[in-house]
Amino acid sequence: MSRLSLLFTGVGAIIGSGWLFGALYASQIAGPAAILSWVIGGIMVMIIGLVYAELGVMFPVSGGIIRFPHYAFGSFASFSAGWTSWLAAAAVTPIEVLATTQYADPYLPWLMDSRDGVFVLTGPGLAVAIALMFVYSLVNLMGVKLFARMNNVLVWWKIGVIALVVVAFAVLAFRPGNLAEFGGFAPSGFGAVFAAIPAAGVAFAYLGFRNGIEFAGETGQPATQRAVRDHRVDSDHRGHLCAAAGRVHHRGAG
């Protein structure tokens, strides 16, 4: 995988199904103040991301989310984190299938029915969902190179669509008054700003950055990645990090 492909694994996950539904649900919870939910959530995840970026170039291995706890805290921590991550990953494909059918429903109304305000798959919709599960799972099983190539194309398409939507809304439908009308900027109070971060999927969308760490070992230039990191971080800081991880692992082994 090239650096661009590695970057796009994270970008593609962040602007997956979560970015549109997250914007909708966050606005329903916090109103216009949902803008702050995205800013605060972004800062929180960025702090976590900087830590993983440091570790990712120090230890360019696949499955870094699992391997790093093993290096620092031992097998039990890695085992627990591994099962948690596996369960989370197993839920991603069904979530993407659900998002696809929900997006398509206004154009293909036979996919879903609304029952008491909840959208439920019809018989044909269920068949389509099963077929999508097969296709999405097949893409993940066909190898890293093919996945990276397909993902690169999809991410460029996503970026283009987002840019088009932003420009179209800014030119045709942007009304600054909407930020203060209908109950004010924060109609449900500023507590709702923080509630929207986990409840509306803001954190879920941002956490897609981890894919770049998961695929770090698949890059064709791990040594170069490490050299770039060495240029950025002084040797004393690097030594302190390695020594701290070593002491924790030594205590866990003892």
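Q: What volume does the second largest pocket have?
A: Keep in mind that we're looking at a predicted model here. To find empty space, you roll a probe the size of a water molecule over the atoms and see what is left. For the second largest pocket, the volume comes out at about 760 Å³.

Q: Which helices give two or more residues to the lining of the second largest pocket?
A: Its lining has 18 residues, and Ala23, Ser27, Ile35, Phe169 and Phe174 lie nearest the centre. The elements giving two or more residues to that lining are helix H2 (18–30), helix H3 (34–58) and helix H7 (144–172).

Q: Is Ile35 buried, partly exposed or exposed?
A: Ile35 sits in helix H3. Buried means under 20% relative accessible area, and exposed means over 50%. Ile35 has 47%, which falls between those cut-offs, so Ile35 is partly exposed.

Q: How many Å apart in space are Ile35 and Phe185?
A: Along the sequence, these two are 150 residues apart. Going from C-alpha to C-alpha in space, the distance is 9.9 Å.

Q: Which elements each supply at least two residues of the largest nonpolar core?
A: That core has seven residues: Ala26, Ala30, Ala34, Ala192, Ala196, Ala200 and Val202. At least two residues each come from H2 and helix H8 (191–199).

Q: Which residues is Ala196 in contact with, leaving aside neighbours within four places in sequence?
A: Ala196 is one of the residues of the largest nonpolar core. Skipping those sequence neighbours, its contacts are Ala26, Ile29, Ala30, Ser37, Gly201 and Val202.

Technical notes. Residues are numbered from 1 along each chain as its sequence is written. This is a predicted model: local features need pLDDT of at least 70, side-chain atom pairs count only at pLDDT 80 or more; totals for chains, interfaces and linings use all residues. Side-chain values use heavy atoms; hydrogens and water are left out. On a 1 Å grid over the protein atoms alone, a cavity is a set of points where a 1.4 Å probe fits but cannot get out, and a pocket is an open set with protein on both sides within 12 Å along at least five of seven lines; lining residues have an atom within 4 Å of a point. Grid points are joined across faces, edges and corners, and a volume is the space filled by probe spheres set on the points. Helices (H or I, at least four residues) and strands (E, at least two) are DSSP runs, numbered from the N terminus. Buried means under 20% relative accessible area, exposed over 50%, partly exposed in between (1.4 Å probe, protein chains only). A nonpolar core is a set of buried Ala, Val, Leu, Ile, Met, Phe, Trp, Tyr and Cys residues joined through side-chain atoms within 4.5 Å. Contact means heavy atoms within 4.5 Å.
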